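Work through the exercises below with the sequence and the coordinates open. Each task is followed by a solution in steps.

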Amino acid sequence: MIESFKKELKLSICRCCIAALLCGCGGLPVPSDFSWYEYNQTETESEAYTESCDTDVSAEAADAASDERTADAENGGGIEETSQESAVEEENAGFLMEEAGHFAYDSLDEVQKIWYRDIEKALGGMEKEVRLSWDGVGGVLDETDIDTIFQCVIIDHPEIFYVDGYSYNKYSVGDKIVSVRFSGTYNCDEAAAAEKALQINAAAENILANAPQNGSEYEKVKYVYENIVLNTDYDLDSEDNQNIYSVLVNHKSVCLGYAKATQYLLLKLGIECTLVQGTVEEGEAHAWNLVKVDGDYYYVDTTWGDASYQDAGSNSIWYYNSSINYDYLCVTTSQLLRTHTPGGYVELPVCTATAANYYVMEDALFYEYDEDRLRELFERAIAEGKNDVTVKCADGECFQEMKERLIDAQEIFNCIPGDIKEITYANNSSQLSLTFWISQ
């Protein structure tokens, strides 16, 4: 018997990506739609075969499975011969990048890793169909494993921008599966993908040419964060917005494009980075990143670092001032959970380190009101040509005191040198930060 299965990536809705900037200035209009992965499964028996020819199909599948076992034996196959290193060191196929990470791969067991390498090679080479290795067939792995492994490949490989989903055929003798054949589904042909890959590589080279190659890991993460925020518009109607092409070439995307482009560029710079899937606030689907800086893990969300979006009716001060929101540059799990809920297919570490947090690195984290430190912070920003300053409070008590003294009592004017024409501010109560824009 042969059974055919197909899974397609269906675009669903998200209205989350500017919600992080809801603040005391009156809040931001929330975008109405956002594209995100959702899988619908349809199961149909192939019309090419009828019940009367099940025996012939099964025999053919059994022969194919026998051929697989023979080939595996001849090659010294088997689970014992596989290892993590073999997946990392194996020669990449087609469009796969050498710098790709293996965070999701490492979460799989040894048998799942075999099919991971099969699917990775198939998608990397845009192959039409591959026979999954015998080690996973025969009840060891099943349909749920295929989906999990496919997702892990996509998580590890932001450069696979042309994949829309997958399908597979399952061959069986009686109740026993004897062969599984996997096929990727693609949104363009190989020639078009090759042309887009050239454009992506050229764009990435231009961006990374100005990166701090000899800088610290934090400086590299900050550079990519700022570059994507400043050069990408949040656009619900942008083309290719589920992949890196939308960000690196078109400069318009949604959260999945932001997260994959962040991952792609950081991997190119030698920074460990993976894709994280989950939800935010009211359960809307969202994507962001997990990075490793100086041996510790942090969360990064470039989408929520960007205030731009396509809303002609917006009167938000974030929109008009085009500021970068640093509240999501290298944050802990506890900070992230105030607005985000991680999910997905891979277990994530608990991030507790704060050494590489933006506000710690920039000396903008306050435990109490300190006018002298605030003045130094504003003086430094003005000397660097900036017109905005964000301060982060360590707890709610400090945050409340900052608001009362800087805003209610207008002591902010004591902290800023020179003649000030106007000060605009916003506060983010979920992340305990206040941002000020200065007009001189």
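This is a predicted model: local features need pLDDT of at least 70, side-chain atom pairs count only at pLDDT 80 or more; totals for chains, interfaces and linings use all residues.

**Exercise 1. The chain as a whole**

Task: State how many helices and strands the protein chain has, and what share of its residues is buried.

Solution. 
- Step 1. Count the elements: the protein chain has 13 helices and 16 strands.
- Step 2. Take the buried residues, those under 20% relative accessible area. They make up 53% of the 440 residues.
- Step 3. Compute the accessible surface, which is about 19300 Å², with 43% of it belonging to carbon and sulfur atoms.
- Step 4. Look at contacts between residues at least 6 apart in sequence: 68% of these join residues at least 24 apart.

**Exercise 2. Strand β8 and its partners**

Task: Decide whether strand β8 is largely enclosed or open, and find which strands pair with it.

Solution. 
- Step 1. Strand β9 (residues 284-293) pairs with β8 in the antiparallel sense, over 8 bridges. In this pairing T274 stands opposite L290 of β9.
- Step 2. The hairpin of β8 and β9 has 3 residues between the strands, and E281 takes a positive phi near 40° there.
- Step 3. Strand β12 (residues 340-342) is antiparallel to β8 and is joined to β8 by 3 bridges. Here T279 stands opposite T341 of β12.

**Exercise 3. Two helix contacts of α8**

Task: Describe how helix α8 crosses α5 and how α8 crosses α6.

Solution. 
- Step 1. For helix α5 (residues 190-208) and helix α8 (residues 255-268), the axes come within 11 Å and cross at roughly 65°. The crossing is right-handed.
- Step 2. On α5 the contact uses I200, N201, A204, I207 and L208, and on α8 it uses Y264, L265 and K268. By class these residues are 6 nonpolar, 1 polar and 1 charged.
- Step 3. For helix α6 (residues 217-231) and α8, the axes come within 10 Å and cross at roughly 140°. This crossing is also right-handed.
- Step 4. K220, V221, V224 and I228 of α6 meet Y258, A261, T262, L265 and L266 of α8. The classes here are 7 nonpolar, 1 polar and 1 charged.

**Exercise 4. A four-stranded sheet**

Task: Give the strand order of the open sheet that contains β14, and name the helices that pack on it.

Solution. 
- Step 1. The order is β13-β14-β16-β15, and the pairing is mixed.
- Step 2. The edges are β13 (365-366) and β15 (422-428), each of which pairs on one side only.
- Step 3. Strand β14 (residues 388-393) and strand β16 (residues 433-439) run antiparallel, joined by 5 bridges. K392 stands opposite S433 of β16.
- Step 4. Helix α12 (residues 371-383) packs on the sheet, touching β13, β14 and β16, and its direction makes about 145° with that of β14.
- Step 5. Helix α13 (residues 396-408) also packs on the sheet, touching β13, β14, β15 and β16; its direction makes about 25° with that of β16.

**Exercise 5. Residue L348**

Task: Locate L348 and list its contacts beyond four places in sequence.

Solution. 
- Step 1. L348 lies in the loop between β12 and α11 (358-361).
- Step 2. Leaving aside neighbours within four places in sequence, L348 is in contact with F103, V276, L290, Y299 and P342.
- Step 3. V276 is 72 residues from L348 along the chain, and their C-alpha atoms are separated by 8.6 Å.

Key. Residues are numbered from 1 along each chain as its sequence is written. Side-chain values use heavy atoms; hydrogens and water are left out. Buried means under 20% relative accessible area, exposed over 50%, partly exposed in between (1.4 Å probe, protein chains only). Two strands pair if DSSP finds at least two bridges between them. Axes are lines fitted to C-alpha atoms, for helices over the stretch in contact, and angles run from 0 to 180 degrees between N-to-C directions. A crossing is left-handed if the near helix is turned anticlockwise from the far one by less than a right angle, and right-handed if clockwise. Contact means heavy atoms within 4.5 Å. Ala, Val, Leu, Ile, Met, Phe, Trp, Tyr, Cys and Pro count as nonpolar, Asp, Glu, Lys and Arg as charged, and the others, Gly among them, as polar. Accessible areas come from the Shrake-Rupley method with a 1.4 Å probe; for residues, only the protein chains shown count as cover.
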